[in-house]
Amino acid sequence: LRALLEKRSGFAEKKMFGGVCFLLRGNMACGVLNDELIVRAGPDAYASLLEEPGVRQFDITGKPMRGWLMVSARGYGADEDLAAWVERGAAFALSLPAK
């Protein structure tokens with residue numbers, strides 16, 4: 001993930017949610033928790049992306065966060081799949097005002 005994002009403007013790495021997350025201009029784009037990928041895809045794409053293989057709601061507290069997804073290795077196993085998920089998260093993060 002770092003290699004896919006670190007050259008972008010406003011890149012930062014931060015420990016969050018018990019894992020490591022990557023931010024662009026202060027907004028979380030994606031991260032890793034155990035062996036799952038966290039992707040902040042936004043509310044507009046949320047419902048359709050939940051239907052993708054290996055995708056589930058981001059819920060580590062008992063209250064799902066709409067627009068945030070967890071993707072298992074089944075959904076990001078191929079390099080091109082991982083890159084596509086990272087790009088989804090990056091695009092959403094960059095669509096938000098910088099913090």
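Colleague: Which residue in β4 does V32 stand opposite?

Modeller: This is a predicted model, where local features need pLDDT of at least 70, side-chain atom pairs count only at pLDDT 80 or more, and totals for chains, interfaces and linings use all residues. Residues are numbered from 1 along each chain as its sequence is written, and side-chain values use heavy atoms, without hydrogens and water. Strands are DSSP runs of E with at least two residues, helices runs of H or I with at least four, numbered from the N terminus; two strands pair if DSSP finds at least two bridges between them. β3 and β4 pair antiparallel over four bridges, and opposite V32 stands L37.

Colleague: Which residue in the hairpin of β3 and β4 takes a positive phi?

Modeller: Two residues lie between these strands. The positive phi, near 55°, belongs to N34.

Colleague: What is the bridge partner of L23 in β3?

Modeller: β2 and β3 run antiparallel and are joined by five bridges. Their hairpin has R25 in the turn, with a positive phi of about 55°. The partner of L23 is M28.

Colleague: How many residues of β3 are buried?

Modeller: Buried means under 20% relative accessible area, exposed over 50%, partly exposed in between, with a 1.4 Å probe and protein chains only. β3 is mostly covered, and the count of its seven residues that are buried is six.

Colleague: Which strands are at the edges of the sheet?

Modeller: The open sheet is ordered β1-β2-β3-β4-β6-β5, with antiparallel pairing. Pairing on one side only marks β1 (11-16) and β5 (55-57).
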